[in-house]
Amino acid sequence: MAENFTRHRQPWKSEELAKLKTLAAKGMGVKAIAKALTRSEESVQDRAKADGIKIAKLR
């Protein structure tokens, strides 16, 4: 039964995007932002790239 499990991504809420932009502007890294938003690092990186947000590690 576990073989059929697929991970569904949660859509980003506008509050989360605002928080992502704020934390990135403060110069926080990907790990810290992911922990604050309770998201995976990959998810945070993908969203930042999609929205053109500069994160300390991505610069």
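## A term to start with

Two residues are in contact when heavy atoms of theirs lie within 4.5 Å. With that in mind, the place where two of the helices come together can be described: Val 30, Lys 31, Ile 33 and Ala 34 of helix 2 meet Glu 41, Val 44 and Gln 45 of helix 3. Sorted by class, this contact of helix 2 with helix 3 has four nonpolar residues, one polar residue and two charged residues.

## The chain as a whole

The model is predicted. The protein has 59 residues, and 27% of them count as buried. Its secondary structure consists of three helices and zero strands, which gives the pattern α-α-α along the sequence.

The protein exposes about 4700 Å², and carbon and sulfur atoms supply 51% of that area. Among contacts in the protein with a separation of 6 or more, 55% are between residues 24 or more positions apart.

## How helix 2 and helix 3 pack

Two packed helices are described by the angle between their axes and the distance between the axes. For helix 2 and helix 3 (residues 41–51), the angle is about 105° and the axes are 9 Å apart. Helix 2 is therefore roughly perpendicular to helix 3, because angles of 65 to 115 degrees are placed in that class.

Glu 41 belongs to helix 3 and touches Val 30, Lys 31 and Ala 34, when residues up to four places away in sequence are not counted. The C-alpha atoms of Glu 41 and Val 30 are separated by 6.2 Å, although the two residues are 11 residues apart along the chain. Glu 41 has a relative accessible area of 33%, so Glu 41 is partly exposed.

Is Ile 33 buried or exposed? Its relative accessible area is 0%, so Ile 33 is buried. Leaving aside neighbours within four places in sequence, Ile 33 is in contact with Leu 20, Leu 23, Ala 24, Met 28, Val 44 and Ile 55. From C-alpha to C-alpha, Ile 33 and Leu 23 are 6.5 Å apart in space, and they are 10 residues apart in sequence.

Ala 24, one of the contacts of Ile 33, is found in helix 1. Ala 24 is buried as well, because its relative accessible area of 1% is under 20%. Ala 24 and Ala 56 are 32 residues apart in sequence, but their C-alpha atoms are 7.1 Å apart in space.

## The loop between helix 1 and helix 2

Gly 29 lies in the loop between helix 1 (14–25) and helix 2 (30–37). With a relative accessible area of 21%, Gly 29 is partly exposed. The reason is that buried means under 20% and exposed means over 50%.

Which residues does Gly 29 contact, leaving aside its neighbours within four places in sequence? They are Ile 55 and Ala 56.

## The loop between helix 2 and helix 3

Two residues of this loop are described here, Thr 38 and Arg 39. Thr 38 counts as exposed, at 71% relative accessibility. Most residues other than glycine have a negative phi. In Thr 38, however, phi is positive, near 50°.

Arg 39 counts as buried at 15% relative accessibility. The side chain of Arg 39 reaches the backbone oxygen of Pro 11 at 3.2 Å. Leaving aside neighbours within four places in sequence, Arg 39 is in contact with Gln 10, Pro 11, Trp 12, Glu 16, Ala 34 and Val 44.

Definitions and conventions:
Residues numbered from 1 in each chain as written. Predicted model: local features only at pLDDT ≥ 70, side-chain atom pairs only at ≥ 80, totals over all residues. Heavy atoms only, no water. Helix = DSSP H or I, 4+ residues; strand = E, 2+ residues; numbered from the N terminus. Buried < 20%, exposed > 50% of the residue type's maximum accessible area, 1.4 Å probe, protein only. Areas by Shrake-Rupley, 256 points an atom, 1.4 Å probe, with all protein chains shown as cover. Axes fitted to C-alpha atoms, helices over the stretch in contact; angles between N-to-C directions. Parallel < 35°, antiparallel > 145°, perpendicular 65-115°, else oblique. Nonpolar A, V, L, I, M, F, W, Y, C, P; charged D, E, K, R; others polar. Polar contact = N/O pair within 3.5 Å; in protein donor to acceptor, adjacent residues only side chain to side chain.
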